[in-house]
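Please look over the structure shown below before reading on. The report that follows takes up its sheets, its ligand shell and a few selected residues.

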Amino acid sequence: MALNHLMHPRNVYKNRPPDFRVLAEKYPDFRQYATFAPDGKVSLDFHNSDAVRCLTEKLLKEDFKLDVILPVDALVPRIPQRLDYILLVQDLLNASNLYDNVLGIDIGTGPSCVYPLLGAKHCKWNFCATEVNEESVAVALKNVEKNQMNDKITIFQGDESTFFKEIFKAYPDKIFSFSMCNPPFFNKEECEERFQRSDKSDFKNNPNASNTPRAPPSSATVARNSELWVHGGEVDFVTRMIHESALYPSKVQLYTSMIGKKMSISPLKKVLEEYKNLIYATHCIAQGRTKRWVLVWTFNPTIKVNSRLANKTLSFSKNKDDVISFFCQICKWANVEVSKHSSGYLICFIPSSKMLSFKPWKTKKRKNDNNEVPKKFMKIHSPNTQDRAEINSNISDKNNADSQLSVTEVTVNQPQLVDAKNIRLVVNKNANSSSQLNVEFFNNDMAGFRWLESLINYVNGNPNIFPK
Ligand SMILES: C[S@@+](CC[C@H](N)C(=O)[O-])C[C@H]1O[C@@H](n2cnc3c(N)ncnc32)[C@H](O)[C@@H]1O
């Protein structure tokens, strides 16, 4: 089923698919691949790799004024899909107010140099790109030259052992806005199953492929070895990229990589989870019959990994000179890990196990009491006996002191059932208030926010915990 309705709203091809009739009338070399039906329809045989390459050249020329050499033995980039990835990155940069002087990295740019050329032309970005295949580097350089982009795009001969090191060495003082990558998706065995070797010992689609996790692509794929496979496949490749990114947490604002297979996402999330000072998200991009995913991560909590995050406020009962430090103190008391970024933003990391052992309690309102709003409290199941005794006695003292709150009227909220994933919330100062903090989170991480809110309510209701 065509997935074009899922394309990015700003993708020029979303509501205006390529018009083969116009292209066939304008370009004789494209015309040779077109089929003209008596009803006036013009179609293209997507199983013919020359036809697909010719179409891509024409789209780049017609829609982006780019003149690009696409070698016959190399992967032909599908432009609508490449544009979707670029537009996603643009949305994320915009969400973080990174509009100006955008400098990106493209890992594995290929001979087409498609991301830097499209990004430079369509979004006015600058790029550093790497590529391990020497022939591809040579063609990429020609493509940059041919389109007079030498001042916007720099190509590096890449090295299999590292992704970023050479670029960072060449630009020690630069902070890059983002990095992107379309990695080789397969390992060697998967590749040999899905594709046939061509005469040059490169690959093209294998129409008889059987044990593939997904149906073979509906259009022709011809590619160089390094474009399709790498030891360990994309999981290994992107795992290495994540680990290397952690060595340079502040060199790139937003690290990203395309993921070709849905089953790769889960092991990669596990790798990202290893870093507590990291925030990540996955996005889906779709075009034609193909779905891909983009993994996005950052070590900078001021950077958005999703342009549509929920935003809520935590309120403290009294104004605080330094509400952030007070919040950190509370988290320390509750054994919640917080990492503080130089910007002052915090990443609050709540393991799901903690949420189950730290149960929110809520008081029921008496039927015939006055109209005061009931207060919420937490009952703490801490492994530390002293903590537990102290906190629970605080609750009892509070209950005895306040006639509205009797122990018999306390009900326990069922602990929120969260799956075995950890929750990360980004906490920062509310510019207009010294008694409020802003919290940003994914909608499906609401349980994490509720948990934090309960904790703050408990502290608000128990001044003895942090006496002045
Ligand atoms: C799937 S192709 C993508 C090409 C192009 N970016 C595109 O989207 O059409 C992957 C590219 O990554 C390159 N590559 C593989 N390992 C690399 C590495 N360690 N560093 C840089 N490039 C690498 C391959 O040679 C290949 O050109």
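## Terms and overall make-up

Two strands are said to pair if DSSP finds at least two bridges between them, and the elements themselves are DSSP runs numbered from the N terminus, with helices (H or I) of at least four residues and strands (E) of at least two. This is a predicted model, in which local features need pLDDT of at least 70 and side-chain atom pairs count only at pLDDT 80 or more, whereas totals for chains, interfaces and linings use all residues. Residues are numbered from 1 along each chain as its sequence is written.

The protein has 15 helices and 20 strands. Of its 468 residues, 38% count as buried, a term that requires 20 or more other C-beta atoms within 10 Å of the residue's own, while 12 or fewer make a residue exposed and values in between partly exposed, with C-beta atoms placed from the backbone. Among contacts between residues at least 6 apart in sequence, 67% join residues at least 24 apart; a contact here is a pair of C-beta atoms, placed from the backbone, within 7 Å.

## The seven-stranded sheet

Seven strands form an open sheet in the order E5-E4-E3-E6-E10-E12-E11, with mixed pairing. Its edge strands, each of which pairs on one side only, are E5 (153-157) and E11 (279-287), and the twist from one strand to the next averages 20 degrees. Angles run from 0 to 180 degrees between N-to-C directions, with axes fitted to C-alpha atoms, for helices over the stretch in contact.

Within this sheet, E6 (residues 176-181) and E10 (residues 252-259) pair in the parallel sense over three bridges, and Phe176 has Val252 in E10 as its bridge partner. Helix H6 (residues 134-146) packs on the sheet, touching E4 and E5, and its direction makes about 165 degrees with that of E5. Helix H10 (residues 233-247) also packs on the sheet, where it touches E6, E10 and E12 (290-298), at about 175 degrees to the direction of E10.

## The ligand shell

The ligand is surrounded by 24 residues, of which the closest are Gly108, Gly110, Gly158, Asn182 and Ser226; a residue is near the ligand if its C-beta atom, placed from the backbone, lies within 6 Å of it. Helix H5 (114-123), strand E4 (126-131) and helix H9 (225-228) each supply at least two residues of this shell.

An unreviewed UniProt entry annotates Arg82, Gly108, Glu131 and Asn182 as "binding site", although such annotations may be inferred rather than shown by experiment; positions follow the numbering used here, and feature names are shortened. Gly108 is found in the loop between E3 (103-107) and H5, and counts as buried because 23 other C-beta atoms lie within 10 Å. Not counting residues up to four places away in sequence, Gly108 touches Thr130, Glu131, Cys181, Asn182 and Pro183. Asn182, in the loop between E6 and helix H8 (188-194), is buried with 25 C-beta neighbours inside 10 Å; leaving aside neighbours within four places in sequence, Asn182 is in contact with Gly108 and Met258.

## The five-stranded sheet

A further open sheet has five strands in the order E13-E20-E19-E15-E14, with antiparallel pairing. Strands E13 (310-315) and E14 (337-340) stand at the edges with a single partner strand each, so one side of each is left without a neighbour in the sheet. Six bridges join E13 to the antiparallel strand E20 (residues 436-441), and Ala310 stands opposite Phe441 in E20.

Conventions. Contact = placed C-beta atoms within 7 Å.
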